[in-house]
Amino acid sequence: MFDLHGRFVFVRTMILSVLVLLLICDHKTWAKSNQERIVGGVELPIHLSPWLASISMHGNYTCSSALITSQWLVTAGHCVYYPDSYSVRAGSASADEGGQGRDVVRIILHPDFNLRTLEHDIALLKIGKPFTIGGSVQLVKLPLPGLNILPRTLFVAGWGSPDANDSDAEPKLRGTLVKVIDQRRCRRLYSYLDRPITDDMVCAADAGRDHCFGDSGAPLVHRGCSYGIVSFAHGCADPHFPGVYTRLANYVTWILRILETDNQMNFIY
């Protein structure tokens, strides 16, 4: 019997998969690849998001992060705000097995991070043993410092819930495409919740597509460059409240200063 609905869902999924490939896999990424789950997305192999790493606390998945060097990752500040024992895993579509696992030895929260408002929601993680870069483990590029121009459509992936009511105990890597939302509109929408939307934030979503619980810390990517970090939202894929991301370009100078200091310390010691 001809299943028109099933055929439509299949075609829609294939189209979204192709769009994801076109968006995140420029020629350089393809060359290297020979080497809170997303709402409205598709399951992904890790080589389509090779900069993504899961964060676990005592073996339990909590957040996502992105590799910016072989030994440093960037994530949301609220993911690692409370002192504890964290580990990260890269190179695997599974949040808790496969790939390369490493212990986090240093956490640097942005000095102005506010847990209540989630302003300056960014942190850096250093691992003890560097990741081996290659194949399904790659670095994400950072935007130019202070860059205000954003691509219209971006890609976000993570191990979070596929909807607000999901209780699946086995996170699966999923990704989707979202579009940047006008900053004034986003600010106006969140004003009804008394949530400040600052110039250090980016709002992005699309019809039925958004990040969700457990995707925090994941990068907002276009052609291998991260423009944002999953920070917060009201619900998941709520048409009235788009997902909010930390605007990464506003923190690149801070990131580079820390990396430079770390390199100098390693050289001295």
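## Burial

A residue counts as buried when its relative accessible area is under 20%, as exposed when it is over 50%, and as partly exposed in between, using a 1.4 Å probe and protein chains only. Cys225 is buried because its relative accessible area is 9%. Of the chain's 269 residues, 50% count as buried.

## The model and its chain

This is a predicted model, in which local features need pLDDT of at least 70 and side-chain atom pairs count only at pLDDT 80 or more, while totals for chains, interfaces and linings use all residues. Residues are numbered from 1 along each chain as its sequence is written, and side-chain values use heavy atoms, leaving out hydrogens and water.

The chain has four helices and 13 strands. Helices (H or I, at least four residues) and strands (E, at least two) are DSSP runs, numbered from the N terminus. The chain exposes about 12,900 Å², and carbon and sulfur atoms supply 55% of that area. Accessible areas come from the Shrake-Rupley method with a 1.4 Å probe; for residues, only the protein chains shown count as cover.

## Disulfide Cys63–Cys79

A disulfide is a pair of cysteine sulfur atoms within 2.5 Å. By this rule the chain has two disulfides. One of them joins Cys63 and Cys79, with sulfur atoms 2.2 Å apart. This pair links distant parts of the chain, 16 residues apart: Cys63 is in strand 3 (residues 60–67), and Cys79 is in the loop between strand 4 (72–75) and strand 5 (86–90).

The torsion about the S-S bond of Cys63 and Cys79 is about -85°, so this disulfide is left-handed. Both Cys63 and Cys79 are buried.

## Disulfide Cys186–Cys203

Cys186 and Cys203 also form a disulfide, and their sulfur atoms are 2.0 Å apart. The pair links distant parts of the chain, with Cys186 in helix 3 (residues 183–191) and Cys203 in strand 10 (residues 201–205), 17 residues apart. The link of Cys186 and Cys203 is left-handed, with -75° about the S-S bond.

Cys186 counts as buried because its relative accessible area is 0%. Cys203 is buried, with 0% relative accessibility.

## A nonpolar surface patch

Tyr81, Tyr82 and Leu115 form a nonpolar patch on the surface, and together they have about 300 Å² of accessible area. Patches are made of residues with over 30% relative accessible area and no salt bridge; like charges are joined within 9 Å, and nonpolar side chains (Val, Leu, Ile, Met, Phe, Trp, Tyr) within 5 Å. A salt bridge is a side-chain nitrogen of Lys or Arg within 4 Å of a carboxyl oxygen of Asp or Glu.

Leu115 lies in the loop between strand 6 (100–109) and strand 7 (123–127). Leu115 counts as partly exposed because its relative accessibility is 33%.
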